[in-house]
Structure formats: C-alpha cells, structure tokens
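Morning, everyone. Please have a look at the sequence and the structure before I start.

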Amino acid sequence: MKHKVSKETLYHFNCGKCKKWWSIADYHLFSNNVPKSEQMVPKLIICPHCGHKEEVIEVIDDKE
C-alpha cells in the first residue's frame, strides 16, 4: 500500500479584548480551496475565552 498524504492549514486568532489566542483547522469556512461562490467567511468571530465578538483582519506582517 502506498503512503497517503493530506494537507491541513491552521488559522491562528488573537482576541482584540482579552489578547488570548486560539486556532481553527482549515475547513470550508475559511478554505482557499473552495470556490468563491461557496465560501462563507464570517464577518464576526467570537473569542472562545471571553466571548468578545469582533471582525477579523488578516495580519500579513505584524510589527506590533
């Protein structure tokens, strides 16, 4: 039997209020492999630690 491989992308989030972080594995909600017509990227993400709800911005090169 041949080896099999699959790909997983992790998305890391930092809360704008409590500053704690968490990760979400790649799935259809955020996947770049899903056609634009099927993407359902949420406008608001809720922090699992403190419940703060806020819009998500992608950080390319964070200098802070």
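Here is a first question: is Cys18 buried, partly exposed or exposed? Cys18 counts as partly exposed, because its relative accessibility is 28%. The cut-offs are these: buried means under 20% relative accessible area, exposed means over 50%, and partly exposed lies in between, with a 1.4 Å probe and protein chains only.

Now some ground rules. This is a predicted model, where local features need pLDDT of at least 70 and side-chain atom pairs count only at pLDDT 80 or more, while totals for chains, interfaces and linings use all residues. Residues are numbered from 1 along each chain as its sequence is written, and side-chain values use heavy atoms, with hydrogens and water left out.

Next, the overall picture. The protein has zero helices and four strands. From the N terminus, the order is β-β-β-β. Both kinds of element are DSSP runs, numbered from the N terminus: helices are H or I with at least four residues, strands are E with at least two. The protein has 64 residues, and 14% of them count as buried. It exposes about 6200 Å², and carbon and sulfur atoms supply 53% of that. Those areas come from the Shrake-Rupley method with a 1.4 Å probe; for residues, only the protein chains shown count as cover.

On to the hairpin. Strand β1, residues 10-14, pairs with strand β2, residues 21-25. The sense is antiparallel, over five bridges. Two strands pair if DSSP finds at least two bridges between them. Six residues sit between β1 and β2. In that turn, Lys19 has a positive phi of about 70°.

Which residue in β2 does Phe13 stand opposite? That is Trp22. These two residues bring us to the rings. The structure holds one aromatic pair. The ring centres of Phe13 and Trp22 are 5.4 Å apart and the planes are at 15°, so the pair is stacked. The rule covers rings of Phe, Tyr and Trp (its six-membered ring): centres within 6.5 Å make a pair, planes under 30 degrees apart are stacked, over 60 are edge-to-face, and the rest are tilted. Phe13 is buried at 9% relative accessibility. Trp22 is buried too, at 12%.

Last, the cysteines. The structure holds zero disulfides. For Cys18, the nearest cysteine sulfur is that of Cys15, 3.7 Å away. A disulfide needs two cysteine sulfur atoms within 2.5 Å. Cys47 is buried, with a relative accessible area of 3%.
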